[in-house]
Amino acid sequence: MKTINEMKLSFESKSINEGFSRVAVASFASALDPTLEELNDIKTAVSEAVTNAIVHGYREKMGKIYITASITDKNIIRIKVRDRGVGIEDIEQARQPLFTTLGGERAGLGFAVMESFTDKVRVRSAPGRGTTVTLEKKINGKDI
């Protein structure tokens, strides 16, 4: 697969920036002429990944969140959401529905939601070094 377009974005880990990230990635993905359902799937998955970085990655401190999105010649959008926060000790456990490290109002469904709205989710993380979530979705719109 060949990358035919790419964007990079970084912003502070403030909850207000979650909405910004959704719109920015959705605008980039619009070049593929996605359906409303495909666009909403992308927005929801990005929202979950960014929220995880804000809430779990940085917890009580500020940091940067980095998003790279690329479009391939096979109409696949690949979105990487990265933080340099606390990292994930046990990725398999963190991906289990209802698991959360914070308790309270958190449902522990972030990764399950990302998986249900995309075709592929990869998670790389190291404690104390941060986490990268890669989302991939095939868009059945037009070729660019």
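Colleague: Let's start with S13. Where is S13 found?

Modeller: S13 sits in the loop between β1 and α1. Keep in mind that this is a predicted model.

Colleague: And is S13 buried or exposed?

Modeller: The cut-off for buried is under 20% relative accessible area. S13 has 4% relative accessibility, so it counts as buried. Leaving out residues up to four places away in sequence, S13 touches I54, Y58, K61, M62, G63 and I65.

Colleague: Okay, let's step back. How many helices and strands are there in the chain?

Modeller: The chain has four helices and five strands. Reading from the N terminus, the pattern is β-α-α-β-β-α-α-β-β.

Colleague: How do I read a sheet, then? What is the order of the five strands?

Modeller: The general idea first: strands of a sheet pair through backbone hydrogen bonds, either parallel or antiparallel. Here the five strands make an open sheet in the order β1-β2-β3-β5-β4, and the pairing is antiparallel. At the edges you find β1 (3-12) and β4 (120-126); each has a single partner strand, so one side of each has no neighbour in the sheet. From one strand to the next, the twist averages 10°.

Colleague: Can we zoom in on one pair? How many bridges join β3 to β5?

Modeller: Eight bridges link β3 (residues 76-83) with β5 (residues 130-138), and the two strands run antiparallel. For a landmark, look at R78, which stands opposite E136 in β5.

Colleague: Which strands does α1 touch as it packs on the sheet?

Modeller: Helix α1 (residues 17-29) touches β1, β2 (64-72) and β3, and its direction makes about 170° with that of β1. Helix α2 packs on the sheet too, touching β1, β2, β3 and β5, with its direction at about 175° to that of β5.

Colleague: Let's pick a residue in α2. What is V46 in contact with?

Modeller: V46 lies in helix α2 (residues 36-57). It has 0% relative accessibility, so V46 counts as buried. Setting aside neighbours within four places in sequence, V46 is in contact with S21, R22, V25, I79 and L135. Take R22: V46 and R22 are 24 residues apart in sequence, yet 6.0 Å apart in space, C-alpha to C-alpha.

Colleague: And what about V50?

Modeller: With neighbours within four places left aside again, V50 is in contact with F11, E18, S21, I65, I67 and V81.

Colleague: How many residues has the largest nonpolar core?

Modeller: That core has 33 residues, and those with the most contacts inside it are I42, V50, I65, I67, I79, V133 and L135. At least two residues come from each of β1, α1, α2, β2, β3, α4, β4 and β5. The biggest giver is α2, with eight residues.

Colleague: How do I spot the buried face of a helix? Which residues are buried in α4?

Modeller: In general, an α-helix has 3.6 residues a turn, so residues three or four places apart point the same way. In α4 (residues 110-117), the buried ones are G110, F111, V113 and M114. Looking down the axis of α4, those buried residues fall within an arc of 160°, so they line one face of the helix.

Colleague: Last one: what percentage of the whole chain counts as buried?

Modeller: Of its 144 residues, 45% count as buried. The accessible surface of the chain comes to about 7900 Å², and 48% of that belongs to carbon and sulfur atoms.

Technical notes: Residues are numbered from 1 along each chain as its sequence is written. This is a predicted model: local features need pLDDT of at least 70, side-chain atom pairs count only at pLDDT 80 or more; totals for chains, interfaces and linings use all residues. Side-chain values use heavy atoms; hydrogens and water are left out. Buried means under 20% relative accessible area, exposed over 50%, partly exposed in between (1.4 Å probe, protein chains only). The arc is that of the directions from the helix axis to the C-beta atoms. Contact means heavy atoms within 4.5 Å. Two strands pair if DSSP finds at least two bridges between them. Axes are lines fitted to C-alpha atoms, for helices over the stretch in contact, and angles run from 0 to 180 degrees between N-to-C directions. Accessible areas come from the Shrake-Rupley method with a 1.4 Å probe; for residues, only the protein chains shown count as cover. A nonpolar core is a set of buried Ala, Val, Leu, Ile, Met, Phe, Trp, Tyr and Cys residues joined through side-chain atoms within 4.5 Å.
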